[in-house]
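Q: Could you walk me through this model, starting with how the terms are set and then moving on to the features themselves?

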Amino acid sequence: MPEKAPSLRVGRHLLLVFGITLMVVMGVSSIMPILPDLARTFDMPMSSVGMVFMAFTLPGVVLTPLGGILADRIGRKKVLIPSLLLFAAGGVACAFAPSLPVLLACRFVQGIGAAPLGVLYTTIIGDLYDGNQRMQAMGFNAGVLSLGTAIYPAIGGLLGEIGWRAPFLLPLLALPLCFAIARTTFPEPRSSQGMGEYIRSTWGIISSPKAITLFLLTLFTFLILYGPMVTFFPVLADQQFHATPSQIGFVFSIASAGTVLTAVRLGTLARLIRPVRLLLASHGLYALAMVTMPFVPSLWWALAPVFIFGLAQGLNIPNTATLLTDLAPMEGRAAIMAVNGTVLRLSQTIGPVLAGIAFATGGLSGVYTFGAFMAASMAALILARGLR
């Protein structure tokens, strides 16, 4: 029998990491149910509604690497607190936008603040834990992320019944989190490396075959999440079933139940099943969710493929994050995760565009065929590259 891993203690530091994770999720999940309303309010075609997400994710494509380098060189908190404040300010400003250009500009500012956050929560977990405890912590954090994706669509949908502006007030929750982080000491990197040596050692890790494979898995994963799921599931629910924002939020939140179910047990699963097999299983589940989604006969039947998608997320995302944090020491970990964050932001940005092209050419069936192709591509990549 495998040796039992030490149990993970969830203390103040990990709770604050969970808070950072919930801010990262909020930027997209809380406004997903109001996308059809935003399209009607600002006279946008449904194929272009992903612009609301693109304006938020685009800054991260450029600024995430800078955030990771700064977190390695000057410290985690000195990057984290200003980022949270800017995230809150940009988000609340969206609630008062009088036009689509102003809304997109405010989303862009909010995205600047959000850019380092996705890097820092995984980086700090890597700083705090190692071995199987790191896998357990990543799994718990994925469960919290899923809790956010469950709660925020429901909250955003309910607030959306009041009006499209109301969900944009939620980033105010970042302010008490900033206060708590300011009063807490986190492990910080202490490196005597010069900048040139830091860049060379980091590049050696980033350019390794294993790292490249994991970056590509992140790319394909978030193409599916932000294309067929986040952007076009609300369109499917609105066009085929005339669902309200609150109904869209509720059904999409079921994905989180599947993620929590697998993510919180990932530490145990990883001791019994090789990570590569868990990753392959997740991509099979992605494909199953994609091929069944366009054929559901009612909104409530969509609960099944949405739940299957959540199971895939729970097996995939924390597993990939753990494998990446294992590649680097503390002094270079934020930079490695920043590259992954840049890939993630890139996929968040182009996913709605690619899915929009698929929608314009093949309707909703075209969108989910695109998603199934991405899932098959991920499985083929794992088999070809032989992850260990």
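A: Let me begin with burial: a residue is called buried under 20% relative accessible area, exposed over 50%, and partly exposed in between, using a 1.4 Å probe and protein chains only. By that cut-off aspartate 127, at 11% relative accessibility, counts as buried. This is a predicted model, where local features need pLDDT of at least 70 and side-chain atom pairs count only at pLDDT 80 or more, while totals for chains, interfaces and linings use all residues. Residues are numbered from 1 along each chain as its sequence is written, and side-chain values use heavy atoms, with hydrogens and water left out.

Q: Which residue does aspartate 127 form a salt bridge with?

A: Its partner is arginine 76, and the closest N and O atoms of the two are 2.9 Å apart; a salt bridge here is a side-chain nitrogen of Lys or Arg within 4 Å of a carboxyl oxygen of Asp or Glu. Aspartate 127 lies in helix H6 and arginine 76 in helix H4 (residues 76–94), so the pair ties together parts that are 51 residues apart in sequence. Helices are DSSP runs of H or I with at least four residues, numbered from the N terminus.

Q: Is arginine 76 buried or exposed?

A: Arginine 76 is buried, with a relative accessible area of 1%. Arginine 76 also forms a salt bridge with aspartate 72, where the closest N and O atoms are 2.9 Å apart, and aspartate 72 counts as buried at 4% relative accessibility.

Q: How many salt bridges does the structure hold?

A: The structure holds four salt bridges. One of them joins the side chains of arginine 40 and aspartate 238, at 3.7 Å from N to O. That pair links distant parts of the chain, with arginine 40 in helix H2 (residues 35–41) and aspartate 238 in helix H11 (residues 232–241), 198 residues apart. Aspartate 238 is buried, its relative accessible area being 13%.

Q: Changing topic, how many cavities of 30 Å³ or more are there?

A: The structure holds one cavity of 30 Å³ or more, and the largest cavity has a volume of about 710 Å³. On a 1 Å grid over the protein atoms alone, a cavity is a set of points where a 1.4 Å probe fits but cannot get out, and lining residues have an atom within 4 Å of a point. Grid points are joined across faces, edges and corners, and the volume is the space filled by probe spheres set on the points.

Q: What lines the largest cavity, and which residues are closest to its centre?

A: There are 44 residues lining the largest cavity, and those closest to its centre are Tyr121, Leu145, Phe222, Ile317 and Leu344. The largest share of the lining, nine residues, comes from H15. Several helices each supply at least two lining residues, among them helix H1 (12–29), helix H10 (209–229), helix H15 (303–325) and helix H16 (330–385).

Q: How do the lining residues divide into nonpolar, polar and charged?

A: The lining divides into 25 nonpolar, 18 polar and one charged, where Ala, Val, Leu, Ile, Met, Phe, Trp, Tyr, Cys and Pro count as nonpolar, Asp, Glu, Lys and Arg as charged, and the others, Gly among them, as polar.

Q: Which residues other than glycine have a positive phi?

A: Aspartate 43 has a positive phi of about 55° although it is not a glycine, and histidine 242 is another such residue, with phi near 50°. Aspartate 43 lies in the loop between H2 and H3 and is exposed, with a relative accessible area of 72%. Histidine 242 is placed in the loop between H11 and H12 and is likewise exposed, with a relative accessible area of 64%.

Methods. On a 1 Å grid over the protein atoms alone, a cavity is a set of points where a 1.4 Å probe fits but cannot get out, and a pocket is an open set with protein on both sides within 12 Å along at least five of seven lines; lining residues have an atom within 4 Å of a point.
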